[in-house]
Amino acid sequence: MNNPTTNNVSSKKRNPWNSPQRNITPKKTADAVTPKDNRKKAQKHKERARCVCDNKECDRLMDKLKKLNKGIHAYFNVPEPPKLMPPEEVKGLRNKTRVNRIDQQKKHDCFVTALGTNAKRRVALYLSSKNQGEGIVQREVYSPETKPQFASIHVHPNILSLTTLTNNNPPRRMLPKSIPRALGLKLKRDGFNFEKKDEVPSSPSNDYFALPDYPIEKAQADISVLETEVIAAEKVETIRTIPAPAMTRSGSSVTSNPYSYEMDMLRREIQAKEILLEAKEKELDEREEKCKQDENRIKRMYIERERTLLEKEKDMQARLKEMNTLLDKIGGLSRLTITDRDWHKKNKTSATALFGFTNWKETVCYVHALFGLYPPTEQPKSDDYITQFEWCLAAKIRMNCGMSYRTIGYILGLKAVDSYVGEKVKPWVKKWGEAGEDLSILDITAEFLEATCPQAYKDENLEKICGIPDGKDFKIFTPRKNTLFTRACWSDKVNASAVRCISWCTPMGLSYEHTHLYLARVSEKKLVELWGPRLKKCPQGWAMLSDRGFWDTARYYPNLNRQLTPKFLSGRAQFTVEEVSADRTICKLRYTCEVAFSRVTNTSGLKDVISDDYFIMLDSMNHWGHANINIKKPLMPLN
Ligand SMILES: [Zn+2]
């Protein structure tokens, strides 16, 4: 106790920020004998220390902080720019020194900017006085020579925790040269200014300068929290340390009645605990209140968000509806519509026009029955691959409407990759052809023919007719590359280049046999001869209702089926009455077959002159054309 100051100094050395400085008032220090001049100086310096920001509130807060003595009261020097030097001298410096100069200049700039306008002016004043030494207007509080310092409340507590103590007497708190990038980024997320320009230029890991940009309002809040804590702690401390009354009420000495002394101590202890408890309760209440406020705020936000979302959804629904209406009204042919049931419902003839079936339902049923494919259950998305079902339909469109691959590509939204569409469509055309063959090359029996003989035939005593052969020529463009080919294509029947097919159907109109397509130069009789083995299915004793071209072809049928053909004049001047009547009947009844054939050529690809790019799929289309005869209603009424 005889030398409290020295005592104090030693404790300061250990940890100056937590020392009980409160006990030493400035007066005492003034009264106390100070052994060293520099310490006196330091004290003076401390009293004089004012923050460069020139804010009264800053000074007030620093005073408070000093009183609280929480170890975070400090002033730091504003970093100075590097010494002025002519540029050529700078060039001559060592590399490392040059880099350091850049760092120094940047640090100075960043710090001054962070400290605000007043600080900027003050620092400029200081620097010019330092460089020129005169001509500066003297100000009341600061002399320009005073080294500019800033208060620790300008520094974020997180950065403050990174400060170090020097070995000086008294020790000074030092800001770190830089802070780790991670901390800088975290602070940036918390709303503090750590920008690209605040990075240390020479730092390989892009660390930041320890910027003094903590707002004064936040520092204020922090300090008031500290204050309440300290006051509560002080209260407890006071109650604990009040010396026990020397005498009890009864007048006996404390020592003489240890029991009452103990009681007294306990009571104080309880009082202290109560105060602490009270403080805690208050804190809890506050927290609860804050929680409630937060909850309400979040609830409001949630409700607001929900409302906006609902509005958005409504908006979206409306737009979707609008889109769908647009699609319905003016959308036209597209990938979205060709597989859309509702679209087909609204456009009754679309399925017939596109796929050659009566309606969409029939189309789907056939595709499923023939290929086991189902239509898409949802509207296709933009990034969905084109399904096999769609390719199957695309092939049908190709056969039925005579569209080019490019057009089909556009309908499918494929930006017209011709070869790709062709690759995908061709196999499907082939499949349709195979299915057509299955549906049109059929076995027939005498029983079946008897059961399906139309009344018109019976009326004419033509009950035993098992088939009506007919030849059909499809015109093609004349191939010019090879004359042999050119000649082989010539058809006498249509007087043009063509391919030829013979098909057989029953009187009722069921197509049960047809040849492949051959270049038209081959005669119909030769084709019948070629197809002979297949015609074994025509039952024995049944006749064919043929036209003149098939005269004398009975020998090619394994069962030698008789050919009823219109009579030839063969040199005579005129037909007999019987001959004319019989010929008329044959022609009338053969009409069925001609109509049937119109069903084959119903597909655009086989109409008129067939274009070259259909050539490779002609057989498939012919097969399906014949199937088309059979999947529709019989042409001749049975009775
Ligand atoms: Zn300040």
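The model is a predicted one, with local features needing pLDDT of at least 70, side-chain atom pairs counting only at pLDDT 80 or more, and totals for chains, interfaces and linings using all residues. Residues are numbered from 1 along each chain as its sequence is written, and side-chain values use heavy atoms, leaving out hydrogens and water.

Helices (H or I, at least four residues) and strands (E, at least two) are DSSP runs, numbered from the N terminus. Just past H4, Asn 69 has a positive phi of about 55 degrees.

Donors are N, O and S atoms within 2.8 Å of the metal (3.2 Å for Na, K and Ca), and with water not among the atoms, sites may look incomplete. The zinc ion has Cys 51 (SG), Cys 53 (SG), Cys 58 (SG) and His 154 (NE2) as protein donors, at 2.0 to 2.4 Å. Angles among the four donor atoms run from 103 to 120 degrees, making the site tetrahedral (for four donors, all angles between 85 and 135 degrees). Cys 58 lies in H4 and His 154 in the loop between strand E2 and helix H8, so the pair ties together parts 96 residues apart in sequence. Buried means under 20% relative accessible area, exposed over 50%, and partly exposed in between (1.4 Å probe, protein chains only). Cys 58 is buried at 0%, and His 154 is buried at 9%.

As for charge pairs, a salt bridge is a side-chain nitrogen of Lys or Arg within 4 Å of a carboxyl oxygen of Asp or Glu; the whole structure turns up 22 of them. Lys 64 pairs with Glu 227, with the closest N and O atoms 3.7 Å apart. That bridge links H4 to helix H10 across 163 residues. Lys 64 is partly exposed at 28%, as is Glu 227 at 23%. Lys 526 and Glu 529 form another, at 3.4 Å, and sit about one helical turn apart in H22.

How values were computed. Tetrahedral: all angles 85-135°; square planar, octahedral: opposite > 155°, others 65-115°.
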